[in-house]
Amino acid sequence: MAKYVIKKSNKLVPSDAMKKIAHVKNKNIYKQAAKNPIKFWEKLATEGLDWEKKWTKAYEQKLPYFKWFKGGKINFSKNCLDRHLENKSDKVAITWVPEPTKEKTIKLTYKELHEKVCKFANVLKKHKIKKGDVVSIYLPMIPEAIIAMLACTRIGAIHSVVFSAFSADALKARIQDGKAKILITADGYYRRGEKEDLLTKARRAVKSTTVNKVIIVPRLRKKIPTGRKFLNFNKELESAEPNCEPTIVNSEDTMFILYTSGTTGKPKGVVHDTGGYATQAYWTAKWNFNLHDDDVMWCTADVGWVTGHTYAFYGPLLNGATTLIYEGSPDFPNPGRWWKIIQDNKVTVFYTAPTAIRMFQKFDPKYIKKHNLKSLRILGSVGEPIDEDAWKWYFKTIGGSRCPIIDTWWQTETGGTLINALPGIGPFVPKVSGQPFPGTNLIIVDEKGKQIKKKNVVGNLVQVPPLAPGMLHGVWKNPKKYKDTYWSRFKKYYDTSDGAFLTNGGLIRITGRTDDVMKVAGHRMTTAELENAITDHQAINETAVVPIPHEVKGEVPVAFVILKHKIKDQEKFEKEIKKLTDDKIGPTARPAKIYIVEALPKTRSGKIMRRILKALLIDEEPKGLSTLLNPKSVDAIKKIIKTKK
Ligand code: WT7
């Protein structure tokens, strides 16, 4: 494919070659869809999916609630698998690359995946899982993850996937909130050449919960514990029947919950439906990444995140494409690993996060040059704003100036992408996500909810109903949280909690979160979660956590603590704090620095001014000190930061 040339305007338009193969190339699609978004999605849902029964009403809304394809009946796994069997049964559905280089890559065809899913669905049934039950899944990036997830959707059970790097405590909290009856996990997995244990964490997590069966994938061939509670995934699968009639569900029935961080300390279970989610997953995967039959898509996200759900698994499978998943670390056994995977498997669509791109920028370019990356057609970015430097590096060094970069803005809550350029329409501009997906409407408003139409003025990014079909339908068993989080600030609009502005070209540029959510190496967490974990230390009275910019990770948390009493060994103390965040959340939550302070800057009503702490950390002059209850605390903290640098 021809090379693009970056001009002074920094704006790229699709090449003729890309236009030729693009599913959508006429920008009128945006206007047409906007005329009647409901009709537009209705058409897409009809064309893209197999329905058992057509809906009686395409969209119904009583804000903050809404329904897509009401009365429609569907089975999700059938749309990912059965419908491809006629023409694509021998096509590879999943290519799995294990981390150890001496282990072989495993390919599962649609037929094979279908059989395994049906069998595992029967295993779930045998253990009394039925429609509407919650199944917790705590698995690394191995094919059993998608087998387990699709098996749930086959029988209408609700899956709740928990990131494998999360701690036992974090898993337990999610199991308890979802009241899961069963946990599917593994004995462990490989990470940077080491065997990571999963089972110990899983066993600790299920104690005193509703989980009565733990099905374990013997990835590391460890001995599986015996007893009625613990079962071997492979043995269960072997003895299961290969036929399983799909359970037909309502379009608006819950398909999965996925926990994410909100402004308060407790993670919330984001609820996604079946038909609406499937529609958005199918079409965004198809149009954003221009998926065709010969595509091999590699989305590097872990299944523990929504990106893993929608673009490592469901989007490509709904489209009958081939998806590649990789178990391990990007730089193992050397920083050329990812590029070797692309070369060996002729990956055409590559979708990753800015934090990974920035990491690779730092390695010796020889690891990239050694590999042939000519199979790549499209590059994607997700999870946080991508800076111009990383964008250009990704574009030139990985994409060979041939591949457009699709910078997709979305959230766990939105189920699928919402703002990005389409490969056949463009434009592709560094730092700019683009425009809302056809048939969706996102605008920028001021604090009062009034639309800001002026260019280059930062405001709040909100979604205007009718909401996109992939949007969340609630917070699991917590309607108040749903209403408060997304619908209290701007009653008529869905509040994304992101800041954004319109560029001169009228495109959307994201500036970042406007709440206490931070993005550490692409992982979403809140200051409150970390503060709660750290304040559990017996010597600590109070904690404030603030994120500061980091070259590779985007942001890292820094903690300020007030002690109850003197501590003897500072080093030991810091280790204990890191252990607390490891145990309560996971290693990504470790504070990069810990400062012991006498007092935290607070407003007269007692609110900690994290903004001021952040300014001090990044060497900016803090503003608004006059409103503080204890302005003297600021100078003291300034000194402490200086001495510890
Ligand atoms: C938050 C959502 C998107 C799925 C994976 C992350 C930030 C996401 C972008 C982007 C700038 C982005 C936002 C958003 N974000 N994509 N392309 N440019 N910021 O989902 O963990 O729920 O996080 O990630 O701040 O609100 P998530």
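Predicted model: local features only at pLDDT ≥ 70, side-chain atom pairs only at ≥ 80, totals over all residues.
Local features require pLDDT of at least 70 and side-chain atom pairs count only at pLDDT 80 or more, whereas totals for chains, interfaces and linings use all residues. Residues are numbered from 1 along each chain as its sequence is written, and side-chain values use heavy atoms, with hydrogens and water left out.

## Ligand site

| Residue | Protein atom | Ligand atom | Distance |
|---|---|---|---|
| Glutamate 384 | polar backbone atom | nitrogen | 3.4 Å |
| Glutamine 411 | polar side-chain atom | oxygen | 3.0 Å |
| Arginine 513 | polar side-chain atom | oxygen | 2.9 Å |

Taken alone, the ligand exposes 550 Å², and the protein buries 96% of that. Accessible areas come from the Shrake-Rupley method with a 1.4 Å probe; for residues, only the protein chains shown count as cover. Helices (H or I, at least four residues) and strands (E, at least two) are DSSP runs, numbered from the N terminus.

## Backbone geometry

Most residues other than glycine have a negative phi, and most peptide bonds are trans. Leucine 63 and proline 64 are joined by a cis peptide bond with omega of about 10°. Proline 64 sits in the loop between strand E1 (57–62) and strand E2 (65–70). A cis peptide bond also joins proline 465 and proline 466, with omega of about 0°; proline 466 belongs to the loop between strand E24 (459–463) and helix H17 (479–487).

Lysine 179 has a positive phi, near 50°, and lies in the loop between helix H8 (168–178) and strand E8 (182–186). Its relative accessible area is 56%, so lysine 179 is exposed; exposed means over 50%, buried under 20%, and partly exposed in between (1.4 Å probe, protein chains only). Serine 497 has a phi near 65°, again a positive value, and is placed in strand E25 (residues 494–502). Serine 497 counts as buried because its relative accessibility is 10%.

## Aromatic pairs

The structure holds 41 aromatic pairs. Rings of Phe, Tyr and Trp (its six-membered ring) pair if their centres lie within 6.5 Å; planes under 30 degrees apart count as stacked, over 60 as edge-to-face and the rest as tilted. Tyrosine 4 and phenylalanine 428 form an edge-to-face pair, 6.4 Å centre to centre with 85° between the planes. This pair links distant parts of the chain, 424 residues apart: tyrosine 4 is in the segment before helix H1 (16–21), and phenylalanine 428 in the loop between strand E21 (419–420) and strand E22 (435–436). Tyrosine 4 and phenylalanine 428 are both buried.

Tyrosine 486 and tyrosine 494 form a stacked pair, with 5.4 Å between centres and 20° between the planes. Tyrosine 486 and tyrosine 494 are likewise both buried. One aromatic cluster is formed by Trp298, Tyr326, Trp338, Trp339, Phe350, Phe360 and Phe363.

Lysine 602 lies in the loop between strand E31 (593–597) and helix H20 (610–617). With a relative accessible area of 17%, lysine 602 is buried. The side chain of lysine 602 makes a polar contact of 2.9 Å with the side chain of glutamate 542. Not counting residues up to four places away in sequence, lysine 602 touches Glu542, Lys607, Ile608, Met609, Leu628, Leu629 and Asn630, where contact means heavy atoms within 4.5 Å.

Arginine 590 lies in the loop between helix H19 (570–584) and E31, and is partly exposed at a relative accessible area of 40%. Arginine 590 touches Pro557, Lys578, Thr581 and Asp582, with residues up to four places away in sequence not counted. Arginine 590 and leucine 530 are 60 residues apart in sequence and 8.5 Å apart in space, C-alpha to C-alpha.

Definitions and conventions:
Polar contact = N/O pair within 3.5 Å; in protein donor to acceptor, adjacent residues only side chain to side chain.
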